Amino acid sequence: MNRPIPFGLVCTLSFAFAVFAPWSKVSAFFQSSDANGIPEADGSLQWWKGNLHTHSLWSDGNDFPEMISDWYRQRGYHFLAISDHNVLQEGSRWMSLKSIQVRGAKDGLEKYRQRFGVNWVETRGDASESLEVRLKPLDEYRYLLEERGRFILIPSEEITDRAEGKPVHMNATNLAEVIKPLGGKTVREAMENNLRAVLEQEKARGREILMHLNHPNFGYGITFEDLAAVMAERFFEVYNGHPGVNHRGDDQNPGVERMWDLANHLRVNKLGGSILFGIGTDDSHEYFGKPGSRPGRGWVMVRAQYLTPEHLIRAMKAGDFYASSGVSLRDVQWDPDRRKLSIAIQEEPGVTYTTQYLVTTADAELDQIGRIAHSTQDLESSYRLADGETIVRAVVTSNLAPVDPIFDDQKQQAWTQPFTTVIP
Ligand SMILES: [Zn+2]
Ligand SMILES: [Zn+2]
C-alpha cells in the first residue's frame, strides 16, 4: 500500500549494499557515525550504489521525478541522477495530463497523488479537458526524498547532440547550469566541444562534474576509434539498460565491451593517454512495466567515505568504482608495484560465478586485444601482469539471468575498471 511521505523503513535496505572489503585497507561493515548520522572523521570507505542515467517527464520519460526517485530509494540505491535531454529540472513547467497519458502513464497522476498526497501534487485547469500538472524542480522536491548518508539526488543533464548525422549523447553529472549541445563538424569535435563546456563550468563553479559518453552503439554513432581519440573523455557506458543500444553489436560493429578493450589499447598503448573507465546505467524512460527502457538494470558501485556528489565523482575519477548488472563485489584492489589485480565477489547463496581476467600487451595484434588470460570460479582471485602485458580488467559473470534482461541469454555481470602499468 502506498502512503504519502514521510518514509519509514525504506532506508534500511540501503545497508544491504554497504558491503565491506575484507582486505585490510577498507574494513568497516558500514560507515561509523555519531548520533546525528554524520560520518566520523576517521570513518571508513564504503560502496555506494547509484544510477547516473535516468529520464523523467521533464524530457521523454513517463513518470514524475519524485516517483522515480522514490523507486530507486526504496530499492536501496544511494544516489540517483535524473538526466533529462538538454534540460535541468529547474524553473516553471506545467504539462497537460493528456500528454502525460500519451507517454503510457495512464494512471500516472493517480499514482503520484496516492504516493505523495493531494496537497503535494499541483494541478490547474479544467479537470476533464485541459488539466495540467506541475513538474516540480529538483531543488523543490529533493527535500522530500534525500537523507544524509542514505540517499541523494544529483542534478544532471543528458547533453543530446548530433554530428555527421549520428547521435552524440553525453551525460554531465552534478551540473550547476544547463549546457546546450554545442555540435561540431565531426562526432569527435562534438564530443570535444561539449567536454570543454563542462570543464569550463567545473572550473568556474569550483565543483566536481562528471561527464560520460552514453551508449556508443546507439545508432552506431560512436566508434572505438572515437572513444580512443577524444582523450578528455575518461568515462563511457560499458553497460546501458536500454534494449535499443546494441550492446552486443552486429555483423559490422563490435559489441560495447569489445570496443572498451580496443579503445583502451589505442589510448594507453598507442596514444600515450589515460584509461577509459566503464559505467553501468539504466537510461530508464518507462516506469509502468511496459516493454522499453525500464529502471533497475545497470548501475555503478562507488567507493567513498561520504555520500556527496563531490566524493562520489572524485572516487570515480580515481577509478574506484565498478559497473554492474547484478553481481556485487566486496573488493577490488590494484597493486601497481606488483602489477596485480585482485577481486572478491559478494556471494549470493546457490549462485556460481566465473571471473575472467582480460589482458592486453603493448604490441597486441587485433585478436589478442583483451585476451582472456585467466578464468576462475573462485570467489576471491587475482591476476598478475606478465612482462609486456600492460592492461588488465576483470569481468564477473553469474549463472543467473538479470531480474529484467535486455537480450536473450543475458547473465548478471560486474565489470571492474581496467588498470594499467603505463603511466601517461
Ligand atoms: Zn541517449
Ligand atoms: Zn538517455
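Biologist: Which residue in β10 is the bridge partner of alanine 172?

Modeller: This is a predicted model, in which local features need pLDDT of at least 70, side-chain atom pairs count only at pLDDT 80 or more, and totals for chains, interfaces and linings use all residues. Residues are numbered from 1 along each chain as its sequence is written, while chains are lettered from A and ligands numbered from 1 in the order in which they are written. Helices (H or I, at least four residues) and strands (E, at least two) are DSSP runs numbered from the N terminus, and two strands pair if DSSP finds at least two bridges between them. Four bridges join β9 to the antiparallel strand β10 (residues 210-213), where the partner of alanine 172 is methionine 211.

Biologist: Which residue in β9 stands opposite glutamate 158?

Modeller: Strand β8 (residues 156-163) runs antiparallel to β9, and eight bridges join the two. Their hairpin has two residues between the strands, and glutamate 164 takes a positive phi near 50 degrees there. The residue of β9 that faces glutamate 158 is asparagine 171.

Biologist: How many of the eight residues of β9 are buried?

Modeller: A residue is buried if 20 or more other C-beta atoms, placed from the backbone, lie within 10 Å of its own; it is exposed if 12 or fewer do, and partly exposed in between. Strand β9 spans residues 166-173 and is largely enclosed by the rest of the structure, because the number of its residues that are buried is six.

Biologist: Why is helix α1 described as largely enclosed, and what covers its buried residues?

Modeller: Helix α1 comprises residues 65-74, and seven of its ten residues are buried, so the rest of the structure largely encloses it. The buried ones are Pro65, Glu66, Ile68, Ser69, Asp70, Tyr72 and Arg73. Just after this helix, glycine 76 takes a positive phi of about 90 degrees. The elements covering the buried residues of α1 include β1 (46-51), β2 (79-80), α3 (108-116), α4 (138-145) and β7 (152-153).

Biologist: Which residues have the most contacts inside the largest nonpolar core?

Modeller: A nonpolar core is a set of buried Ala, Val, Leu, Ile, Met, Phe, Trp, Tyr and Cys residues joined through C-beta atoms within 7 Å. The largest such core has 88 residues, and helix α7 (residues 256-270) gives the most to it, with six. Apart from this core lies another, of nine residues, including Phe64 and Ile100. In the largest core, the residues with the most contacts are Leu227 and Val392.

Biologist: Which residues does leucine 109 touch?

Modeller: Leucine 109 is placed in helix α3 and counts as partly exposed, with 17 C-beta neighbours inside 10 Å. Two residues are in contact if their C-beta atoms, placed from the backbone, lie within 7 Å. Not counting residues up to four places away in sequence, leucine 109 touches Leu97, Ile100 and Val133.

Biologist: Is phenylalanine 151 buried or exposed?

Modeller: Phenylalanine 151 is found in the loop between α4 and β7. Its C-alpha atom is separated by 33 Å from that of aspartate 378, 227 residues apart along the chain. Because 26 other C-beta atoms lie within 10 Å, phenylalanine 151 is buried.

Biologist: How many residues of domain 2 are in contact with domain 1?

Modeller: The domain assignment, which is automatic or taken from a database, gives domain 1 (36-91 + 137-328) and domain 2 (94-134). Their centres, taken over C-alpha atoms, are separated by 29 Å. Ten residues of domain 1 take part in the contact, and the number from domain 2 is ten.

Biologist: Which residue in β6 stands opposite tryptophan 94?

Modeller: An open sheet of three strands has the order β4-β6-β5, with antiparallel pairing. Its edge strands, each pairing on one side only, are β4 (94-96) and β5 (123-124). Three bridges link β4 with β6 (residues 132-134), and the residue opposite tryptophan 94 is arginine 134.

Biologist: Which residue in β16 is the bridge partner of aspartate 331?

Modeller: Three strands form an open antiparallel sheet in the order β15-β16-β19, with β15 (329-335) and β19 (380-384) as the edge strands. Six bridges join β15 to β16 (residues 340-345). Within β16, aspartate 331 has as its partner alanine 344.
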